[in-house]
Each structure stands twice: as C-alpha cells, then as structure tokens.
Amino acid sequence: GQSLMADKPVASPCNSICSLNDEDICQGCFRTADEIRRWSALDNDQRLDVLLACGERNRKVNPFY
C-alpha cells in the first residue's frame, strides 16, 4: 500500500537550546532525553505523539505561554 511516510517527516522540535533539567527534559524542546535519542527511529505518528507530550510539558512549566 501507499505509505504515509511519503509526506515529509515531522521535523525535530530542537531549537538548539539543548540542556536537560533535573527530570531529563530538554529546556529547549521539552522532549525527554529518551525521546531525543529515539527521534530518528520514530515514524510520523509517533513523532506527533511526542510533540503533543512536549506541549503538555511546556504548559506545566510555562502556564502563560
């Protein structure tokens, strides 16, 4: 069948602010160290799930963002 991966891959949210906090969450993109390591192996659906989780983490840290 036609693969959805033909669409361009979901870009990494990395913005070059790469520093992990005490919970191993990046201060720049809000991914966990594990998510950052696994990113290149994830498909688009998994990447979108990670981005949603990042948004949730961002709101916990920056409620006014």
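Asn-44 sits in helix α2 of this predicted model. With a relative accessibility of 12%, Asn-44 counts as buried because the cut-off for that label is under 20%. Its helix, α2, runs over residues 44-61, and here is a quick tour of it.

**Around the start of α2**
- The side chain of Asn-44 comes to 2.9 Å from the backbone nitrogen of Val-10.
- Also at the start of the helix, Asp-43 has a side-chain oxygen within 3.1 Å of the backbone nitrogen of Asp-45.

- Helix α2 has 18 residues and spans 26 Å from first C-alpha to last, close to the 26 Å expected at 1.5 Å a residue.
- Its buried residues are Asn-44, Arg-47, Val-50, Cys-54, Arg-57 and Asn-58.
- These residues lie on the same side of α2, because they cover an arc of only 130° around the axis.
- An α-helix has 3.6 residues a turn, so residues three or four places apart point the same way.
- Turn to the other side of α2 and you will find Asp-45, Asp-49, Leu-52 and Lys-60, which are exposed.
- Part of the cover over the buried residues comes from α1 (33-38).

**A closer look at Leu-51**
- Leu-51 is another residue of α2, and its relative accessibility of 29% is why it counts as partly exposed.
- Leaving aside residues up to four places away in sequence, Leu-51 touches Val-10, Pro-13 and Trp-39.
- From C-alpha to C-alpha, Leu-51 and Cys-29 are 8.9 Å apart, with 22 residues separating them in sequence.

How values were computed
Residues numbered from 1 in each chain as written. Predicted model: local features only at pLDDT ≥ 70, side-chain atom pairs only at ≥ 80, totals over all residues. Heavy atoms only, no water. Helix = DSSP H or I, 4+ residues; strand = E, 2+ residues; numbered from the N terminus. Buried < 20%, exposed > 50% of the residue type's maximum accessible area, 1.4 Å probe, protein only. Contact = heavy atoms within 4.5 Å. Polar contact = N/O pair within 3.5 Å; in protein donor to acceptor, adjacent residues only side chain to side chain. Expected span 1.5 Å × (residues − 1). Arc of directions from axis to C-beta.
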